[in-house]
Amino acid sequence: MASADEILRRMEEIQAARAKAIEPLAQILEERGELQRKLAALDEPYGKAFAAAEAAGWSAEELKALGADEPAKRPKGRPRTRRSGTRKAAAATSATTAPAPAIPAQENTGGPVAAAAGNLSD
């Protein structure tokens, strides 16, 4: 059986190996966080530039074909344009919905109450 000192020494060796293995991950996490902050800082100017290109006559499809992805966040105050595919999908959905039930005819439509209700000359 190992002594307490041997057990503690072995535990320290294992912990040292684990600590050494985590160092590259910690460095990469730091670099990754910095790159994500830089990318987030470009979101707003990219959205404005994309909107400016659209205002100059470029369509979103044309810009995508050139390699410019549509921005995740559009500039405030400019509503996102609707695509024709969305309207077609909405029309197809409404065409498949069942029509509303008809309102049943009212009984006793020709009686004195109906005639009096339409007569305001009294």
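**View 1. Contacts and overall fold.** Residues 24 or more positions apart account for 29% of the contacts in the protein with a separation of 6 or more; a contact means heavy atoms within 4.5 Å. This is a predicted model: local features need pLDDT of at least 70, side-chain atom pairs count only at pLDDT 80 or more, and totals for chains, interfaces and linings use all residues. Residues are numbered from 1 along each chain as its sequence is written, and side-chain values use heavy atoms, with hydrogens and water left out. The protein has 4 helices and 0 strands, in the order α-α-α-α from the N terminus. Helices (H or I, at least four residues) and strands (E, at least two) are DSSP runs, numbered from the N terminus. Of the 122 residues, 10% are buried. Buried means under 20% relative accessible area, exposed over 50%, partly exposed in between (1.4 Å probe, protein chains only).

View 2. Helix 1 has 52 residues. From first C-alpha to last, helix 1 reaches 75 Å, close to the 76 Å expected at 1.5 Å a residue. The expected span is 1.5 Å times one less than the number of residues. A kink of about 35° lies at D43, shortly before the proline P45. The bend at a residue is the angle between axes fitted to the seven residues ending there and the seven starting there.

**View 3. Buried residues of helix 1.** These are G33, G47, F50, A51, A53 and E54. Their cover includes helix 2 (60-65). Just after helix 1, G57 takes a positive phi of about 115°.

**View 4. The R9, R10 and E13 network.** Salt bridges link R9, R10 and E13 in a network. A salt bridge is a side-chain nitrogen of Lys or Arg within 4 Å of a carboxyl oxygen of Asp or Glu. The closest N and O atoms are 2.7 Å apart for R9 and E13, and 3.3 Å apart for E13 and R10. R9 and E13 are 4 residues apart in helix 1, so about one helical turn separates them. R9 is partly exposed at 46% relative accessibility, and E13 is partly exposed at 37%.

**View 5. The R37 and E34 salt bridge.** R37 pairs with E34 in a salt bridge, the closest N and O atoms being 3.1 Å apart. R37 counts as exposed at 52% relative accessibility, whereas E34 counts as partly exposed at 35%.
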